[in-house]
Amino acid sequence: MKYTYIALVISAAIFAFIRAQKDQPIMDLCATVCFSVFAGRIYCYVKTKDSTNLIMALITLLVALFATIRFFMGH
């Protein structure tokens with residue numbers, strides 16, 4: 001759980017800084033949460049080697065990347 005919170009805080013700080021610099025919308029919320037879930041699922045996969053955790057990590061990473069791209073495009 002610790003890694004999930006660390007990823008959440010770091011990604012929230014990065015997106016908040018960029019959003020403040022460019023007056024962009026809050027699409028970063030989706031990316032922030034997905035990066036956090038991604039970190040948690042990767043940690044669970046490393047500990048348990050359960051493929052379900054890896055699949056969830058990959059899905060949330062894809063959603064996070066999509067949200068990040070949309071964030072930088074200004075949508």
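Biologist: Why is N53 called buried?

Modeller: Its relative accessible area is 10%, and buried means under 20%, exposed over 50% and partly exposed in between, with a 1.4 Å probe and protein chains only. N53 is therefore buried. This is a predicted model, in which local features need pLDDT of at least 70 and side-chain atom pairs count only at pLDDT 80 or more, while totals for chains, interfaces and linings use all residues. Residues are numbered from 1 along each chain as its sequence is written, and side-chain values use heavy atoms, with hydrogens and water left out.

Biologist: Which residues is N53 in contact with, leaving aside its neighbours within four places in sequence?

Modeller: R41, C44, Y45 and T48, where contact means heavy atoms within 4.5 Å. N53 itself is found in helix α3, residues 51-73.

Biologist: Why are α1 and α2 called roughly antiparallel?

Modeller: The axes of α1 (residues 2-22) and α2 (residues 28-48) cross at roughly 155° and come within 8 Å. Axes are lines fitted to C-alpha atoms, for helices over the stretch in contact, and angles run from 0 to 180 degrees between N-to-C directions. Under 35 degrees counts as roughly parallel, over 145 as roughly antiparallel, 65 to 115 as roughly perpendicular and the rest as oblique. The two helices are therefore roughly antiparallel.

Biologist: Which residues make that contact?

Modeller: Among them are Y3, L8 and F15 of α1, and V33, F35 and Y43 of α2. By class, the contact has 11 nonpolar, 5 polar and 2 charged residues. Ala, Val, Leu, Ile, Met, Phe, Trp, Tyr, Cys and Pro count as nonpolar, Asp, Glu, Lys and Arg as charged, and the others, Gly among them, as polar.

Biologist: Why does K49 count as exposed?

Modeller: K49 has 55% relative accessibility, so by the cut-off already given K49 is exposed. Its place is in the loop between α2 and α3.

Biologist: What share of the protein counts as buried?

Modeller: Of its 75 residues, 27% count as buried.

Methods:
Helix = DSSP H or I, 4+ residues; strand = E, 2+ residues; numbered from the N terminus.
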